Protein chains: 2
Amino acid sequence: MAPKKLKVAEPSQAQAKRQHKADAKAAAASSPAKPRPLTRIQREKQDIILEAALEVFSAHGFRGSTIDQIAEVAGMSKPNLLYYFPKKEEIHRRLMSELLVTWLAPLEEMRADGDPFVEIRSYIRRKLEMARDFPRQSRLFANEMLRGAPHIIDMIEVDLKALVDEKAQVLLAWMDQGKLARTDPYHLIFSIWATTQHYADFDVQVRAVLGKGRGGEGRFEDAARYLEQLFLHGLTPKPRA
Amino acid sequence: MAPKKLKVAEPSQAQAKRQHKADAKAAAASSPAKPRPLTRIQREKQDIILEAALEVFSAHGFRGSTIDQIAEVAGMSKPNLLYYFPKKEEIHRRLMSELLVTWLAPLEEMRADGDPFVEIRSYIRRKLEMARDFPRQSRLFANEMLRGAPHIIDMIEVDLKALVDEKAQVLLAWMDQGKLARTDPYHLIFSIWATTQHYADFDVQVRAVLGKGRGGEGRFEDAARYLEQLFLHGLTPKPRA
DNA sequence: CTAACATTTTTCCAACTGGTCAAAAATCTT
DNA sequence: AAGATTTTTGACCAGTTGGAAAAATGTTAG
C-alpha cells in the first residue's frame, strides 16, 4: 500500500550553471571535467524538483507544463529551480530514465524456474499494484508513448526489447512443456501491460463507468480478480459439475 | 481496411467572426440568432481544418499544438483558420464530440440476442480494426483520458456509463444462462478496451518490441488471434487429447 | 573568523503563441 | 457588371514562457 519512494538514479549531469560555464574551457581542453560530488542541498532539492515535476508533467504533459508550475509545486522560485536543472528538458530526461528502470523491474522478476501460472499471476499483481500506487509514473510513461517515445525510443528498442525477448523465450519454453496454452508470448505480455496500466492511465473513465458505488478503492481488487479469471480460463464457462 | 471517413456531426456553433460580432446585438436582444446555413466553402474548410487538427492534436496534445501548426497542415494562414474556428478550444471541442460518437459505436453493436462468443469476438475485432485504421483518434482519446477527460467528463459519466451499464446487463444475462464464465462484466469491457487500444496508443512500443521481423503489418492479425485465445480460453493449455 | 564557494532572489528579455483588425481579394447574387 | 457578401491576408499586439545575468545572501572548510 505504501508507495515506497522510488530510488533516484543517475547523478550524471546534475550540476548546473557553474559546470556549464566551465564546460567552455574544460570541454575545449578535453579534460575529464572533475565531477565534484553533489552537496546535501543539491541532492535534496533535486529530489524535491523531480517529485514536483512528476506531479506536473504527468498531469499536463511536457509541453503543457511550465517551469513556473513545477517550481511552485516544489516550493521554490523559477530561477532557483533552473539553478539545479538548467533546462526544462533536463528534468524530463531524468524523470524518464528513472522511470524506465522502475518500469522494467516487475517483468525482470518473472522467474523461468517458477510455476507458469504463479509467475504470471504475480506479474499481473505487481503491475496492478504499480498502477494503483504509482499512477503518475504510469501516465508519464503513457504520455511519452503516445508522443512516439521521442526521448526513450532507443532504450525501448534495445533494453526493453531485449528483456521482452528473453521473457518471451521463457514463456515459449513453458508452452513447449505443455504448461501454458500455445499462443503468442509477445502479445501475451502486451495484454498484461495494457490491462493493468489501463487502471492508471484511464482512471477517470474507470471511475466514471463504475460509478460511485463500485468506483471506490475496491476497484483494484475487483480488477485483480477479474484479470486472474481472464488470464487463467478466459471467458469460457466451467462445465457444470 | 479502407479508413472510411468519419462523418462530421454537429453543425452547431461553427460560424465565426460575423456571428460573433452579431452576437453583441443579437444576444443582447435575446433574438433566436438566425442560424444561416453553412456555405460550401465553410463546410469544406472546416473539414480540412478538423482533419489537420486531428493530425496535430493527436501527435502533440492540445497544449503542445499550435494554431500555426494546424494552419500549416491545413494549408492556410493562421488568421484564416481563426476565421472558421475563432478559438483553438473550439476546434478541439468539435473533434472530441465527433470522436465520442465514433468511439461508442462498436459497443452499441453488441447484440443481446446474439451468441455471446460471437458477439464478444466481433466486438474485439471491431475495436482492433479501429486501433489499426484510426490510430490518431485513439491517441486523441487516450490523451484526453490521461489529462482527466476535462472536456468530456460529463459525456463519460452520462452517455458512456449508461451504455456500459446496459451492456454489462447483457453480459450478466449471458452469465446467468451459463453461456459465459461468471465474472465482472465491467472489468471485462475494460479489458477489451485496454487490449485493443493498446495497439494504437502504444504503437511505437509494440513495433519496437516486435522488431523489424514481426512489427510489420501482420501484427494486427497476430493480435487478433492472440486476443481470441485469451478471451476464449485464457492461458490454460488444452488437456492433451 | 573569513575567504571561497554554494544558493537564492531580483530584474530582465527575446521568442513564441493565441488572437485582433482593417483592408484587400475572391466569390456570389441579382 | 455592380453591389453585397464571404474569404483571405498582412500587420500587429499583449500575455506567457524558457531562460540569462548579476547581485545578494548563506554555508562551510580551513
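Predicted model: local features only at pLDDT ≥ 70, side-chain atom pairs only at ≥ 80, totals over all residues.
**Figure 1. The fold of chain A is built from helices.** Chain A contains 11 helices and zero strands. Read from the N terminus, the order of elements is α-α-α-α-α-α-α-α-α-α-α. Of the 241 residues in chain A, buried residues make up 50%. Among the contacts in chain A with a separation of 6 or more, 69% join residues 24 or more positions apart.

**Figure 2. Chain A and chain B meet across an interface.** On the side of chain A, 67 residues are in contact with 67 residues of chain B. The size of an interface is often given as the accessible area lost when the parts come together. Between chain A and chain B, the buried area is about 5,600 Å², and carbon and sulfur atoms give 66% of this area. Within chain A, the residues that lose the most area to chain B are A:Leu146, A:Val209 and A:Leu235, which together account for 13% of what that side buries.

**Figure 3. Several helices of chain A supply the side that touches chain B.** The count of residue pairs in polar contact between chain A and chain B is 18, with both residues at pLDDT 80 or more. The helices that each supply at least two residues to the side of chain A touching chain B are α2 (40–60), α6 (116–133), α7 (135–146), α8 (153–176), α9 (185–201), α10 (203–214) and α11 (219–233). Helix α9(A) gives the most to this side, with 12 residues. By residue type, the side of chain A that touches chain B divides into 34 nonpolar, 19 polar and 14 charged residues.

Figure 4. Side chains of opposite charge can pair when their charged atoms come close. Two salt bridges are counted between chain A and chain B. In the salt bridge of B:Arg214 with A:Asp184, the closest N and O atoms are 2.5 Å apart. B:Arg214 counts as partly exposed because its relative accessibility is 31%. A:Asp184 has a relative accessibility of 13% and therefore counts as buried.

**Figure 5. The pairing of B:Arg214 extends into a network of salt bridges.** Within chain B, B:Asp222 forms a salt bridge with B:Arg214, and the closest N and O atoms of this pair are 3.1 Å apart. B:Asp222 counts as buried because its relative accessibility is 18%. Through shared partners, salt bridges join A:Asp184, B:Arg214, B:Asp222 and B:Arg225 into one network.

**Figure 6. A salt bridge within chain A joins A:Arg132 and A:Asp133.** Over all chains, a search of the whole structure finds 38 salt bridges. In the pair shown here, the side chains of A:Arg132 and A:Asp133 meet at 3.0 Å, N to O. A:Arg132 has a relative accessibility of 23%, so this residue counts as partly exposed. A:Asp133 counts as buried because its relative accessibility is 18%, and buried means under 20%.

**Figure 7. B:Thr195 is a buried residue in contact with residues of both chains.** B:Thr195 is located in helix α9 (residues 185–201) of chain B. This residue counts as buried because its relative accessible area is 3%. A polar atom of the side chain of B:Thr195 lies 2.7 Å from the backbone oxygen of B:Ser191. The side chain of B:Thr195 also reaches the backbone oxygen of B:Ile192, at 3.2 Å. When neighbours within four places in sequence are left aside, the contacts of B:Thr195 are A:Ser191, A:Ala194 and A:Thr195 in chain A, together with B:Leu227 and B:Phe231 in chain B.

**Figure 8. The largest nonpolar core includes residues of chain A and chain B.** The largest nonpolar core holds 140 residues. Those that touch the most other members are A:Leu171, A:Trp193, A:Phe231, B:Leu171, B:Trp193, B:Phe231 and B:Leu235. For A:Leu171, with neighbours within four places in sequence left aside, the residues in contact are A:Met110, A:Ile120, A:Leu180, A:Pro185, A:Leu188 and A:Ile189.

Definitions and conventions:
Residues numbered from 1 in each chain as written. Chains lettered and ligands numbered in written order. Heavy atoms only, no water. Contact = heavy atoms within 4.5 Å. Buried area = accessible area lost by both parts, 1.4 Å probe. Salt bridge = Lys/Arg side-chain N within 4 Å of Asp/Glu carboxyl O. Polar contact = N/O pair within 3.5 Å; in protein donor to acceptor, adjacent residues only side chain to side chain. Helix = DSSP H or I, 4+ residues; strand = E, 2+ residues; numbered from the N terminus. Nonpolar A, V, L, I, M, F, W, Y, C, P; charged D, E, K, R; others polar. Buried < 20%, exposed > 50% of the residue type's maximum accessible area, 1.4 Å probe, protein only. Core = buried A, V, L, I, M, F, W, Y, C linked by side-chain atoms within 4.5 Å.
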